[in-house]
Amino acid sequence: MARVVVRNLTKKFGNVTAVNRLTLDVRDGEFVVLLGPSGCGKTTTLRCIAGLEAPDEGEIYIGDKLVNELPPKDRNIAMVFQSYALYPHMKVYDNIAFPLKMRKYPKSEIDRRVREVARLLKIEELLDRKPKQLSGGQQQRVALGRALVREPDVFLMDEPLSNLDAKLRVYMRAELKRLQRELKVTTIYVTHDQVEAMTMADRIAVMNNGVLQQYAEASEIYSRPSTVFVAGFIGSPPMNFIECTLVEEQGEAYLDAGAFRYKLSEEQAKLVREKASSSELLLGVRPEHITLHLKPVEEGIKGRVYVVEPLGAELIVNVKIGESILKVKTPVHGELKVDQEVWVSFNRDRVYIFDKRTEESII
Ligand SMILES: Nc1ncnc2c1ncn2[C@@H]1O[C@H](COP(=O)(O)OP(=O)(O)OP(=O)(O)O)[C@@H](O)[C@H]1O
Ligand SMILES: [Mg+2]
């Protein structure tokens, strides 16, 4: 077991900066998820930690040891790749057993471990097959098995569940997390699936364009996103953003969105005046923090039903206010007709304000 420290890591491919001055401290035994959209540098970061890419700048420590110059095989890590490179000529059993054979484990110990991992991954009946006789999801589980069979200092996992069907993925998510807790092996896990990140991680590192946006526990990332990008990436459906301008009138401060005005509390106004780089702002509010009313209410904003998306117990109601559409998550309402007049109100404690120019959070 070991902590992993990445300091100021930069990796370029030609004129693409895949990872840009990334600093990340992963505690011993921690489960950290790298989360971000396609191309944001997740795989490159893992490959640098594994020693499969040489950083252009920065240091990587595993335990207390600087590993920049250490070849992959001496880093005592087990990696599951996004494209699961199995040995095509070996049976599943031997693929999983391979890392243990290399390390000269006794035969009986190898057999015990391979079967245990196979049971966990539900691939016991596939042990005698060759990789090309398996589906994509089965191959992925074999690749996972080959990593889990060892007891490395660090697991690096690159979207290890991406090829599984929804049900198996949910099962494996829980099993992997439980196993990691049991083994207490420091794990860095890559995904672009925010639900996977939220449910599995001790801490989430959100990346965009090679840059770390925020590194915190899931609840913190959800409730206090540091940038517009993080706020919009976490949560489903995503946060609503409304462009607005700060207006001061007779000692009161408002956000003017054109179709409506949102009055700021003393405290909100103070923060905005202190932190905003200009009067151009973004008001952010999550669909689950808006209440839908069928009659006018105090501080309610009038709009019209644009589209209703049923989710079972809940609805996503798209409400058109002026030229913008707000998504509202609400328990099922009786009848809602397209074009019907409705009113929405924001949960005041859950309203976010961002600087439109810098995209940094103000509140
Ligand atoms: N070997 C390479 N040569 C050139 N460019 C590369 C190479 N590997 C990655 N890149 C580029 O670096 C950037 C980051 O790629 P990376 O594979 O790390 O993204 P990712 O976050 O893992 O994306 P995905 O979710 O699609 O797997 C991308 O713009 C990619 O095109
Ligand atoms: Mg990738």
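The legends below describe close-up views of a predicted model. Local features require pLDDT of at least 70, side-chain atom pairs count only at pLDDT 80 or more, and totals for chains, interfaces and linings use all residues. Residues are numbered from 1 along each chain as its sequence is written, and side-chain values use heavy atoms, with hydrogens and water left out.

**View 1. The two assigned domains.** The domain assignment gives domain 1 (4-233) and domain 2 (240-353); the bounds come from an automatic or database domain assignment. Taken over C-alpha atoms, the centres of domain 1 and domain 2 are separated by 40 Å. Seven residues of domain 1 are in contact with seven residues of domain 2, where contact means heavy atoms within 4.5 Å.

**View 2. The salt bridge between Glu109 and Arg112.** A salt bridge is defined here as a side-chain nitrogen of Lys or Arg within 4 Å of a carboxyl oxygen of Asp or Glu. By this rule the count comes to 24 salt bridges. In the one shown, the side chains of Glu109 and Arg112 meet at 3.3 Å, N to O. Both residues lie in helix α3 (residues 107-120), three residues apart, and are therefore separated by about one helical turn. Helices (H or I, at least four residues) and strands (E, at least two) are DSSP runs, numbered from the N terminus. Glu109 is partly exposed at 22% relative accessibility, and Arg112 is partly exposed at 45%. For these classes, buried means under 20% relative accessible area, exposed over 50%, and partly exposed in between, with a 1.4 Å probe and protein chains only.

**View 3. The salt bridge between Asp202 and Arg181.** The side chains of Asp202 and Arg181 meet in a salt bridge with an N to O distance of 3.2 Å. This pair links distant parts of the chain, 21 residues apart: Asp202 is in the loop between α6 (194-200) and β9 (203-208), whereas Arg181 is in helix α5 (residues 166-183). Asp202 has a relative accessible area of 24% and is partly exposed; Arg181, at 40%, is also partly exposed.

**View 4. Glu341 and Arg304 form a salt bridge through their side chains (3.7 Å, N to O). Glu341 belongs to strand β19 (residues 341-346) and Arg304 to strand β16 (residues 301-310), so that the pair links distant parts of the chain, 37 residues apart. Glu341 is partly exposed at 31% relative accessibility, and Arg304 is partly exposed at 41%. Packing of helix α4 against α5.** Helix α4 (residues 136-148) packs with α5 at an angle of about 5 degrees, and their axes are 14 Å apart. The axes are lines fitted to C-alpha atoms, for helices over the stretch in contact, and angles run from 0 to 180 degrees between N-to-C directions. This angle makes α4 roughly parallel to α5, a class that holds angles under 35 degrees. From α4, the contact is made by Arg141, Leu144 and Leu148; from α5, by Leu168, Met172, Leu176 and Leu179. The residues of this contact divide into six nonpolar, no polar and one charged. Here Ala, Val, Leu, Ile, Met, Phe, Trp, Tyr, Cys and Pro count as nonpolar, Asp, Glu, Lys and Arg as charged, and the others, Gly among them, as polar.

**View 5. The buried residues of helix α2.** In helix α2 (residues 92-102), the buried residues are Val92, Tyr93, Asn95, Ile96, Ala97, Pro99 and Leu100. The elements that cover these buried residues include α3 and α4. After α2 comes Lys104, whose phi is positive, near 60 degrees.

View 6. Most residues other than glycine have a negative phi, and most peptide bonds are trans. A cis peptide bond joins Ser236 and Pro237, with omega about -10 degrees; Pro237 is placed in the loop between α8 (228-233) and β11 (240-249). Gln250 has a positive phi, near 45 degrees, and is found in the loop between β11 and β12 (252-256). With a relative accessible area of 83%, Gln250 is exposed. Glu299 also has a positive phi, near 65 degrees, in the loop between β15 (290-293) and β16. Glu299 counts as exposed at 53% relative accessibility.

Notes
Chains are lettered from A and ligands numbered from 1 in the order in which they are written. Angles under 35 degrees count as roughly parallel, over 145 as roughly antiparallel, 65 to 115 as roughly perpendicular and the rest as oblique.
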